[in-house]
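Welcome! Take a moment to look over the sequence and the structure, and then we can walk through them together.

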Amino acid sequence: MERILRIFFNNGSFFTFVGLQLLCLYLIINYNSNQAAIAAETWSIRSGKFKSALTTVNGYLDLREQNEIHRREIARLRSLLPESGYNITTEIDSIQDDSLLQRFNFLTTRIVNRSPYNPNNTLVIDRGARFSVQPGQGVMNESGLIGIVDRTTDRHARVLSILHQSTRISAGLANRGYGTLRWNGLDPRRMTLIDLPDYVPVAEGDTVYTTGFSNIFPTGQVIGTVEKTERQPGAGSLNLTVLLSNDPLRATHGYVVQDLFKEELGSLNEN
Amino acid sequence: MRGNDAISNALRFLLILFLQVFLFRQVSLGLGGKEYLFIYLVPVFTALLPLRTPRPLVVLFSFLLGISVDLFYETLGVHAAAATFVGYARQFALGLLEPRDGYKAKSSPEGKDLGNRWWMQYLLLMVGGYCVFFFSMEAFSPVYWRDIVVKSLFTIPVSWLFCIILVTFLRPRI
């Protein structure tokens, strides 16, 4: 204690100097407009650097939350698996002993590459023919559709995004009205459902589901909601603007949907 | 001893404040809308404080003169910062210029036993320190280093000259 006091006493002029300089700085910044502007500018640059560093750190802190979201998704999917359900069909003397025969396989995949944003978007996933990924299989994630496999290699596959002008997806409403979903190449958040018969009642905000008719996606997957209805004069059909429930451009993970009945169903459509 | 007591220091305080604020404030020369030449007498007061003054008090008195000048210059804090700096730097200037046999215990910075050459060097250090620090605080950013250098180069010699003249007048009297 005595030492500290002695330091203060011996360097009295220094501490007076520092104290008065701080007071002067305060006065300069508060009562001189030029210096105040410079100080504010300097402060904003410094704090901007600090904030960007903080954002980087926060990006890592967010990982915990992201993990939690994925874990919940896995838990939800696990609860949908047949072995976690109690099959009541055997109880009611039925012949549907194959009612839970596996139809769709879901293969987790990461999106490893994507085309620059343009009217015909494609992306590349890190699953290929080795995992029996074949052209024509769908890719989706937990909040919506991503695309359709177009070409495969051993380890990778190219996917035509649903934001591709040649993509056609069979989609419909809860009331069984259905049409074709396509993208006009303009707004990556909206797609158009065409060829819906115009006697089908449609309200804004209705959910649009996959129909499963083209054996690409399972039936009843949510695609988005109806935003706008447009009657096509003379054609007897409606065009719906569909607001997508996911953002295919920013998706990082997905599931390849492998329809095990595809060949069988496809053979029925052959002439 | 003349020039060494509290009253003459107070008189010098008022005289320098008066000269600086009412006379030399009007002096500013420059080219093309920018002013480069000013005359500052403030460091003379700090330079003339008695050698035995406790160092914290040197800093404090310099600050008081600086802030008084600021009140008239409408640059609150800038002169005060420079004067405080000079008040702190005085001990180092004195140490740098110390004669071989040291300062006499009772002396103020007196011309009689220190000589004109010593005085000129001493004042140059004080005025130089004051101007550089003052212009730095006025610009407030190293971006304007050219302004700082040019203003210092013009101001220091002229201020130095005026300080020498002032000291020559003051020393025998107050």
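## Where the chains meet

Let's begin with the contact between the two chains: 18 residues of chain A and 24 residues of chain B take part in it. Please keep in mind that this is a predicted model.

How much area do chain A and chain B bury between them? The answer is about 1,600 Å², with 78% of it on carbon and sulfur atoms. Across this interface, the rule finds 0 salt bridges, while 5 residue pairs are in polar contact, both residues being at pLDDT 80 or more.

## The chain A side

Now turn to the side of chain A that touches chain B. Two helices, α2 (12–31) and α3 (33–80) of chain A, each supply at least two residues to this side. The most comes from α2(A), which gives 14 residues. Sorted by class, the chain A side holds 12 nonpolar and 6 polar residues, and no charged ones.

## The cysteines

How many disulfides does the structure hold? Over all chains there are 0. A disulfide needs two cysteine sulfur atoms within 2.5 Å. The closest cysteine sulfur to that of A:C24 is in B:C131, and because these sulfurs are 16 Å apart, they are too far from each other for a bond. B:C131 is in no disulfide either, as its nearest cysteine sulfur, the one in B:C163, is 8.1 Å away.

Are A:C24 and B:C131 buried or exposed? A:C24 is buried, with a relative accessible area of 0%. B:C131 is buried too, with a relative accessible area of 0%.

Methods: Residues are numbered from 1 along each chain as its sequence is written. Chains are lettered from A and ligands numbered from 1 in the order in which they are written. This is a predicted model: local features need pLDDT of at least 70, side-chain atom pairs count only at pLDDT 80 or more; totals for chains, interfaces and linings use all residues. Side-chain values use heavy atoms; hydrogens and water are left out. Contact means heavy atoms within 4.5 Å. Buried area is the accessible area (1.4 Å probe) that two parts lose on being put together, summed over both. A salt bridge is a side-chain nitrogen of Lys or Arg within 4 Å of a carboxyl oxygen of Asp or Glu. A polar contact is a pair of N or O atoms within 3.5 Å; within protein, one must be able to donate a hydrogen and the other to accept it, and residues adjacent in sequence count only if both atoms are side-chain atoms. Helices (H or I, at least four residues) and strands (E, at least two) are DSSP runs, numbered from the N terminus. Ala, Val, Leu, Ile, Met, Phe, Trp, Tyr, Cys and Pro count as nonpolar, Asp, Glu, Lys and Arg as charged, and the others, Gly among them, as polar. Buried means under 20% relative accessible area, exposed over 50%, partly exposed in between (1.4 Å probe, protein chains only).
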